[in-house]
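The entries follow in the order I looked things up.

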Amino acid sequence: MDFKKDKDQETEFAKITAALLKSKTGEFDLESVLYLKLRCLGIYDLGCIGECINLERLDLSGNYITSLKPLASLKLLIVLNLSANRITNFEPICLCDNLQSLNVAGNLISSFENLQCLQSLRKLESFRLKDISCNYTNPVCKNTSYRNIILEMFPNIKVLDGERLAGRGSDLYQLCRDIDDSLKAGIYKNGPLPEVLDCKPWVEEGYWDLKRSNNAIIEEAYKQFNDILHECRLLSNRAAHLISQTERALSINSQPKQYVL
């Protein structure tokens, strides 16, 4: 959950301003902004982000955000990434009726009560509270009944923490989970786990080692190359000598003849 940020950058972007939004999007009118990515900018205050009323996708991950109040006006928001921040209260986004995907992994959610306000989001399909790949989680995820409680609270979600619960691919996730549970319990449905025999390697030792090249062949090739190079030098010297002799002869022939009277 730690992010490396430049100190000057943190000071400059501590609060979201209209100038920052325009520079990041290239839009002069904030109402024209549909997608916004403000990752790892050291943001503490969401400032005027609520003016982007037509915003559909928003990424605020990796900042220092604690209050989501300015997001209440984003009625068209579909995808929201708030991972790796310092958020405990999500009441403002319960007004984002069109929200379908929400990522809050890596925050400070310590109780399921902090999430009750999100139950009004009827279109929510993907919900993430922890992300193993990034080592993001929340204190509430330590509860042994975490998964079951979340599914009871949000019965319509199709994806939880990246795992598909319904639709194409959900059967595979369920199968993997059943196998994992069986292995953890140490038993199969038909009895205890069989003793695992020592596995033997498929190939002989050293099979994958890089084969060393034949040194004799390399030395012979190197010797032949040097011999050819030596012959080229001799030819070059010989050619230079012949050219010098020819130039000297030509210079003598070109001199005017002198006669003695």
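I call a residue buried under 20% relative accessible area, exposed over 50% and partly exposed in between, with a 1.4 Å probe and protein chains only. This is a predicted model, where local features need pLDDT of at least 70, side-chain atom pairs count only at pLDDT 80 or more, and totals for chains, interfaces and linings use all residues. Residues are numbered from 1 along each chain as its sequence is written, and side-chain values use heavy atoms, without hydrogens and water.

**Aromatic pairs.** I paired rings of Phe, Tyr and Trp (its six-membered ring) with centres within 6.5 Å; planes under 30 degrees apart are stacked, over 60 edge-to-face, the rest tilted. I found two such pairs. Tyr44 and Tyr64 are stacked, at 5.1 Å centre to centre and 25° between the planes. They link distant parts of the chain, 20 residues apart: Tyr44 is in the loop between β1 (35–37) and β2 (57–59), Tyr64 in the loop between β2 and β3 (79–81). For such elements I took DSSP runs, numbered from the N terminus: helices are H or I with at least four residues, strands E with at least two. Tyr44 is partly exposed at 44%, whereas Tyr64 is buried at 15%.

Phe127 and Phe154 pair edge-to-face, with 5.1 Å between centres and 65° between planes. Phe127 lies in strand β5 (126–128) and Phe154 in the loop between α3 (146–153) and β6 (159–160), so the pair ties together parts 27 residues apart in sequence. Both Phe127 and Phe154 are buried.

**Charge over a ring.** I required NZ of Lys or CZ of Arg within 6 Å of the ring centre and within 35 degrees of the ring normal. Lys22 lies over the face of Phe28, 4.6 Å from the ring centre.

**Cysteines.** How many disulfides does the structure hold? I counted zero, taking a disulfide as two cysteine sulfur atoms within 2.5 Å. For Cys52, the closest cysteine sulfur is in Cys48, at 6.8 Å, which is too far for a bond. Cys52 is buried, at 0% relative accessibility.

**Leu46.** I located Leu46 in the loop between β1 and β2. Leu46 is buried at 1% relative accessibility. Its C-alpha atom is 8.2 Å from that of Leu71, 25 residues apart along the chain.
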